[in-house]
Amino acid sequence: MTTFEKIMAILNLIAVLLIPVVAVIVGQFLQERVQKRNDKMQIFQCLMTRRITGWAALEAVNAINSIDIVFTDNKEIRNQLSVWKSKCRRDIPGDERYREQCKLLELMANDLGYKDKITWDIIQNPYYPEGLDQQLSMNNQIMNGQVEWAKAAGLLSQMMDKPQQNSEDKDHANT
């Protein structure tokens, strides 16, 4: 066996041993990258779809609380999240809070590679049919009415219990 043949045999042996290891490492890297993008997309999609009806729903709150984890490498997004949170106080006008919310969504869109596809104009102009607004308003009225009925029922129950207690107290006093 010549020196060249020995070198080729050694290189073949190294290749046979290294190729599966390299393939596993590359596959794992690609899989983690895809999962990270999917996590980012899930958060972005949740917040985009809830941007007009509000981020108070549990799904949106969970997405917001995941931003620091999933977008950990993007300081600009995390800083904007802090700015948005600071605007969530009751004394801050809603339009100011909404503007910061839209800036956060814009930064997320850019991070996901949608820089020229999901624009500021698209983010600020979601679809919101008038019928949905009417339905939500009616649901709110129904809910408030149910709360009022429950309060009234509680007061009525208390009033009905008091005379009974008074007559029981009188009975005990007479004995």
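A disulfide is taken here as a pair of cysteine sulfur atoms within 2.5 Å. By this rule the count in the structure is zero disulfides. The structure is a predicted model, in which local features need pLDDT of at least 70 and side-chain atom pairs count only at pLDDT 80 or more, whereas totals for chains, interfaces and linings use all residues. Residues are numbered from 1 along each chain as its sequence is written, and side-chain values use heavy atoms, with hydrogens and water left out.

Burial is assigned by relative accessible area (buried under 20%, exposed over 50%, partly exposed in between; 1.4 Å probe, protein chains only). On this scale Cys-88 is partly exposed, with a relative accessible area of 36%, while Cys-102 is buried at 0%.

The chain contains six helices and zero strands, where helices (H or I, at least four residues) and strands (E, at least two) are DSSP runs numbered from the N terminus. The order of elements from the N terminus is α-α-α-α-α-α. The C-alpha trace spans about 120 × 50 × 30 Å along its principal axes. Buried residues account for 19% of the 175 residues. Contacts are defined by heavy atoms within 4.5 Å. Of the contacts in the chain with a separation of 6 or more, 52% come from residues 24 or more positions apart.

Helix lengths were compared with an expected span of 1.5 Å times one less than the number of residues. Helix α4 (residues 94-111) has 18 residues and reaches 26 Å from its first C-alpha to its last, close to the expected 26 Å. Its buried residues are Glu-100, Gln-101, Cys-102, Leu-104, Leu-105, Leu-107, Met-108 and Ala-109. These pack against α1 (3-49), α2 (58-70), α3 (75-86) and α5 (120-124). Gly-113, which follows α4, has a positive phi near 90°.

For helix α2, 13 residues should span 18 Å, and the end C-alpha atoms are 18 Å apart, in agreement. The buried residues of α2 are Ala-60, Ala-63, Ile-64, Ile-67 and Val-70, and their cover includes α1, α3 and α4. Glu-59 also lies in helix α2. Apart from neighbours within four places in sequence, Glu-59 is in contact with Cys-46 and Arg-50. The C-alpha atoms of Glu-59 and Phe-71 are 12 residues apart along the chain and separated by 17 Å.

Lys-40 is located in helix α1 and is buried, with a relative accessible area of 15%. With neighbours within four places in sequence left aside, its contacts are Val-70, Phe-71, Asp-111 and Leu-112.

A nonpolar core is a set of buried Ala, Val, Leu, Ile, Met, Phe, Trp, Tyr and Cys residues joined through side-chain atoms within 4.5 Å. The largest such core has 25 residues, and those with the most contacts inside it are Ile-43, Phe-44, Leu-47, Trp-55, Ile-67, Leu-105 and Met-108. At least two residues of this core are supplied by each of α1, α2, α3 and α4. In soluble globular proteins, nonpolar side chains tend to be buried together.

Aromatic pairs were assigned for rings of Phe, Tyr and Trp (its six-membered ring) with centres within 6.5 Å; planes under 30 degrees apart count as stacked, over 60 as edge-to-face and the rest as tilted. The structure holds one aromatic pair. It is formed by Trp-55 and Trp-84, at 5.0 Å centre to centre with 55° between the planes, and is tilted. The pair links distant parts of the chain, with Trp-55 in the loop between α1 and α2 and Trp-84 in helix α3, 29 residues apart. Trp-55 is buried at a relative accessible area of 7%, and Trp-84 is buried at 10%. Not counting residues up to four places away in sequence, Trp-55 touches Leu-47, Arg-50, Ala-60, Val-61, Ile-64, Trp-84, Gln-101, Leu-104 and Leu-105.
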